[in-house]
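Here is a short walk through one protein model, written for someone who has it open on screen. Have a look at the sequence and the fold before reading on.

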Amino acid sequence: MTSILIAVLMALVGYITFTLREYVNKYSIILLIFLMFALDGIIIQSYFMLGDGKYELITGVLFGTIFKIIVFIVLQKNSS
């Protein structure tokens, strides 16, 4: 269950980052990348501090990354 929540939250961070891209000029995209990494780190650290197992965290990060890539591809196709 924890891995599913991590994956969904990471995909949500990807979606938020992609939608914020429209409101930020092209030179501030680097700040959005750092924001995405920071939010992903906060998600992973919070579940780590709660005492979840390593394999649940690894699985959540793996599927979260896959879901984030899918979100980026779908949103990029819809925006062009």
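By about how much of the helix are Phe63 and Phe67 separated in helix α3? Being four residues apart there, Phe63 and Phe67 are separated by about one helical turn.

## What you are looking at

This is a predicted model, so a few ground rules apply: local features need pLDDT of at least 70, side-chain atom pairs count only at pLDDT 80 or more, and totals for chains, interfaces and linings use all residues. Residues are numbered from 1 along each chain as its sequence is written, and side-chain values use heavy atoms, with hydrogens and water left out.

## Overall layout

The protein chain has three helices and zero strands, and reading from the N terminus the order is α-α-α. Both kinds of element are DSSP runs numbered from the N terminus: H or I of at least four residues for helices, E of at least two for strands. Along the principal axes, the C-alpha atoms fill a box of roughly 40 × 25 × 10 Å.

Of the 80 residues in the protein chain, 25% are buried. Buried here means under 20% relative accessible area, exposed means over 50%, and partly exposed is in between (1.4 Å probe, protein chains only).

## Surface and charge

The protein chain exposes about 5700 Å², and carbon and sulfur atoms supply 74% of that area. The areas come from the Shrake-Rupley method with a 1.4 Å probe; for residues, only the protein chains shown count as cover.

As for charge, there are 5 positive and 4 negative ones, and their mean positions are 14 Å apart. Lys and Arg count as positive and Asp and Glu as negative, while His and the chain ends are not counted. Each charge is placed at NZ of Lys, CZ of Arg, CG of Asp or CD of Glu.

## The aromatic pairs

The count comes to two aromatic pairs. The rule takes rings of Phe, Tyr and Trp (its six-membered ring) with centres within 6.5 Å; planes under 30 degrees apart are stacked, over 60 edge-to-face, and the rest tilted. Phe18 and Phe72 make a tilted pair, 6.3 Å centre to centre with 40° between the planes. Phe18 lies in helix α1 (residues 2-20) and Phe72 in helix α3 (residues 54-79), so this pair ties together parts that are 54 residues apart in sequence. Phe18 counts as buried because its relative accessibility is 9%, whereas Phe72, at 26%, counts as partly exposed.

The other pair, Phe63 with Phe67, is also tilted, at 6.4 Å centre to centre and 35° between the planes. Phe63 is partly exposed at 39% relative accessibility, and Phe67 is partly exposed at 35%.

## Around Phe18

Arg21 lies over the face of Phe18, 4.4 Å from the ring centre. To qualify, NZ of Lys or CZ of Arg has to be within 6 Å of the ring centre and within 35 degrees of the ring normal.

Leaving aside neighbours within four places in sequence, Gln76 is in contact with Phe18 and Arg21. Gln76 and Phe18 are 58 residues apart along the chain, yet their C-alpha atoms are separated by 8.9 Å. With 40% relative accessibility, Gln76 counts as partly exposed.

Gly64 lies in helix α3 and is buried, with a relative accessible area of 0%. Not counting residues up to four places away in sequence, Gly64 touches Ala7 and Met10. Gly64 and Val13 are 51 residues apart in sequence and 9.8 Å apart in space, C-alpha to C-alpha.

Ile58 is found in helix α3 too, but this residue is exposed, with a relative accessible area of 52%. Its C-alpha atom is 9.7 Å from that of Ile6, and Ile58 and Ile6 are 52 residues apart along the chain.

Terms used:
Contact = heavy atoms within 4.5 Å.
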